[in-house]
Amino acid sequence: MNSVAQSAPSERYQQGWQMLKTIDGEAGEKVIDSLQSIAPDLARYVIEFPFGDIYTRPGLDLKSREIATLAALTTLGNAQPQLKVHIHAALNVGCTAQEIVEVVMQMAVYAGFPAALNGITAVKQVFAERNIHLTGE
């Protein structure tokens with residue numbers, strides 16, 4: 001377990017940490033580690049709230065949650081680092097490369113072409129890191 005928790009970590013924290021590792025893997029751990037020297041409480045909040053409280057809820061599977069997250073981060077248009085982490089996460093939980101591209105393209109309708117273009121740039125960068133090539137490239 002990382003160094004965020006000063007005392008014995010709560011069950012909420014432990015569940016969140018396991019979910020973060022399941023979904024985001026190394027990319028998520030790097031985000032948390034990057035917060036340690038400046039905002040360790042923020043790191044703990046990220047682990048406990050979205051990953052410990054929200055991602056562990058019944059009702060949606062992890063793939064559906066990541067599709068929703070990709071859509072939300074794409075529509076923001078200004079969350080490239082977080083979008084990249086969640087593109088990795090979507091791949092980790094079973095989204096196909098084509099599904100990810102389609103989600104981002106769908107956002108052109110609701111968030112506009114600039115947001116979708118920014119999103120596709122992030123997708124392209126993550127796919128290059130993971131050596132993913134879509135058919136026809």
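Which residues in α5 meet which residues in α6? The legends below take this up after a look at α3. The model is a predicted one, where local features need pLDDT of at least 70, side-chain atom pairs count only at pLDDT 80 or more, and totals for chains, interfaces and linings use all residues. Residues are numbered from 1 along each chain as its sequence is written, and side-chain values use heavy atoms, leaving out hydrogens and water.

**View 1. Helix α3 and its surroundings.** Helix α3 covers residues 62-76; helices here are DSSP runs (H or I, at least four residues), numbered from the N terminus. Its buried residues (under 20% relative accessible area, 1.4 Å probe, protein chains only) are R65, E66, T69, L70, A71, L73 and T74. Just after α3, G77 takes a positive phi of about 75°.

**View 2. α3 against α4.** The two helices pack at an angle of about 160°, with angles running from 0 to 180 degrees between N-to-C directions and axes being lines fitted to C-alpha atoms over the stretch in contact. α3 and α4 are therefore roughly antiparallel (angles over 145 degrees). E66, T69, L70, L73 and T74 of α3 make the contact with Q82, L83, H86, I87, A89 and A90 of α4 (heavy atoms within 4.5 Å).

**View 3. α5 against α6.** Here the axes come within 7 Å and cross at roughly 165°, so α5 and α6 are also roughly antiparallel to each other. And now the opening question: A97, I100, V101, V104, M105, M107, A108 and A111 in α5 meet F113, A115, A116, G119, I120, V123 and F127 in α6.

Technical notes:
The expected span of a helix is 1.5 Å times one less than its number of residues. Buried means under 20% relative accessible area, exposed over 50%, partly exposed in between (1.4 Å probe, protein chains only). Angles under 35 degrees count as roughly parallel, over 145 as roughly antiparallel, 65 to 115 as roughly perpendicular and the rest as oblique.
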